[in-house]
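Have the view ready and follow the points in order.

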Amino acid sequence: MRASTELNRGPQSNDLSLGGAAQEIHAERHFTQPRRRGTIDTTMNRKLFLLLVITALIACLPSAPVQAQDERLVLAFYYAWYDETFWQKSLSDQPVQPYVSTDPAAIERHVLQGKQAGIDAFVQSWYGPQIENNQTEPNFAALLDIAAAHGFKAAVDFEVVSPFFHSEADVVAALQYLLSVHANHPAYLRIGGKPVIFFWRQGRFPVESWAAIRNQVDPDRTSVWIEEGVTLSHMEQFDGHHLYSVAWDAQPEQQLLKWSRWIRDWSAEHGTDRYWVATVMPGYDDLVTGRSDAFVRDRAGGDYYRRCWQGAIQSGADMVIITSFNEWLEGTQIEPSVSYGDFYLNQTRELGDQYRASPLVPLEAPPPPTTPPTKVPTPLPSPTPTQTPAPTPTPSPTPTVTPSPSATPTPTATPLPTLTPSPTATPTPLPTPTPTPTLPQAAVSFASDYPELVVAGVGIVVIAALAARSIRRRPG
């Protein structure tokens, strides 16, 4: 909510303290004692002196870097579809304080806990702008308002397989709404001035369809789109990549390093840059879902979480995203719980600070490949509804009163037994996107490299102009 401000002006002085005789003397002085020609009056002298001082001070300032790098963000997936009945399930753990996701007090508590953990933004699963039977829309709007009040940020994890998206046109309409409404909120997450959107199950549509969607929704690429999955087949139409889960591997740091190299190599091969968003997880336990391939990744007293963070740091991740703040059905939450208290909030703060303080250095070249480097390695088929059926049923096209987490498309753990070696191309670190310069590139480059000369030159021109206007020729 924006508050307008008013300018309070004091009363203007109407005091005429000069008597008639004094006014006549003042007028006489004004006309009988004109300023001498060929001189600069006292007021102008002061202005020129002040301008010289300011110019000298500015010229002595150190030049700003040509390109300032964005802060290395720590994000967390957030879920806002819980009601009173959810906590009756036989979960692997329970929150210290059970809640309903529509409660503003619960949302505010989560935001404050996120800040306590050093998290920059929540990325909330979102089913689209429909209000009826869809908690994710009003709850996200509430999250933005509450986040703004506490200096926090929020973004959307766009659920491509939402029960409210029946066609490509529905996806287009939802993205247009997101970018025109939510993305303009002051608390919406931005990178380099661009709103960020994460995607889940983008494999529902082929890459050609995503090209058409992007051209309709964001033809000038003024937003940042981050895809998900174990294939890079759609990378051409997206700006970055993340894995929702790495829990299928007991050595998550190795997977994060491999995926970072693959994404850097893909970027180098295509002559472009893509964001690598590393996933960190405290553990995993989805036995309550009854899935045929349900499993447990033990938290090992925080050691698994720490190994994930080590992999994120070693991989030179552009961002880190936590799976998750509160996905209780799969046991990936770091939200304070009965079993762990706020242990994982504190560990997140510690490891996040280490990540931000770590140097952003290029990765070492991977081992020589056994496959041609021109091919992007694909460890597994894409986990999309059309290729690899999800172990859990996808949401029914007819939404229920409150989409339940158990009915929503949830990422499944999928072991990668046959990963192929990564290409040999030396990965290049991903630069921070910078706004397109509005001046010719040569002028911008010169001004950035030699700011002192530019400021001094401008100062000399201004001084000369002022002096020319103030000095008149003496009579001959």
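1. Surface first. Accessible areas here come from the Shrake-Rupley method with a 1.4 Å probe, and for residues only the protein chains shown count as cover. On that basis the chain exposes about 24000 Å², with carbon and sulfur atoms supplying 56% of it.

2. Where this comes from. This is a predicted model, in which local features need pLDDT of at least 70 and side-chain atom pairs count only at pLDDT 80 or more, while totals for chains, interfaces and linings use all residues. Residues are numbered from 1 along each chain as its sequence is written, and side-chain values use heavy atoms, leaving out hydrogens and water.

3. The overall layout. You'll find 11 helices and 11 strands in the chain; these are DSSP runs numbered from the N terminus (helices H or I, at least four residues; strands E, at least two). Of the 476 residues, 45% count as buried, where buried means under 20% relative accessible area, exposed means over 50%, and partly exposed is in between (1.4 Å probe, protein chains only). Take the contacts (heavy atoms within 4.5 Å) with a separation of 6 or more: residues 24 or more positions apart account for 77% of them.

4. Helix α8. This helix has 12 residues and reaches 16 Å from its first C-alpha to its last, close to the 16 Å expected at 1.5 Å a residue; the expected span is 1.5 Å times one less than the number of residues. Tyr304, Tyr305, Cys308, Trp309, Gly311 and Ala312 are its buried residues. Seen down the axis of α8, they fall within an arc of 155°, so they line one face of the helix. The arc is that of the directions from the helix axis to the C-beta atoms. This buried set packs against β1 (73-78), α7 (252-270), β8 (275-280), β10, β11 and α9. After α8 comes Gly316, whose phi is positive, near 65°.

5. Helix α9. With 15 residues, α9 reaches 22 Å between its first and last C-alpha, close to the 21 Å expected at 1.5 Å a residue. The buried residues in α9 are Tyr344, Leu345, Gln347, Thr348, Leu351, Gly352 and Tyr355. Down the axis of α9 these also fall within an arc of 155°, so they line one face of the helix. Their packing partners are β1, α3 (104-116), α8 and β11.

6. Glu330 lies in the loop between β11 (319-322) and α9 (343-357), and Arg291 in the loop between β9 (284-285) and β10 (296-297), so the pair ties together parts that are 39 residues apart in sequence. Is Glu330 buried or exposed? Glu330 counts as buried, at 0% relative accessibility, and Arg291 is buried too, with 8%.

7. A salt bridge between helices. Glu350 pairs with Arg306, their closest N and O atoms being 3.1 Å apart. This links distant parts of the chain, with Glu350 in helix α9 and Arg306 in helix α8 (residues 303-314), 44 residues apart. Glu350 is partly exposed at 35% relative accessibility, and Arg306 is partly exposed at 28%.

8. A pair inside α9. The side chains of Arg356 and Asp353 meet in a salt bridge (3.9 Å, N to O). Being 3 residues apart in helix α9, Arg356 and Asp353 are separated by about one helical turn. Arg356 is partly exposed at 24%, as is Asp353 at 36%. Asp120 joins Asp353 and Arg356 in a network of salt bridges.

9. Pro252 lies in helix α7 and is buried, with a relative accessible area of 0%. Leaving out residues up to four places away in sequence, Pro252 touches Val246, Tyr304, Arg307 and Cys308. Then try Ser223, in the loop between α6 (207-217) and β6 (224-228), which counts as buried at 2% relative accessibility. Beyond its neighbours within four places in sequence, Ser223 contacts residues including Leu179, Lys194 and Asp239.

Conventions:
Salt bridge = Lys/Arg side-chain N within 4 Å of Asp/Glu carboxyl O.
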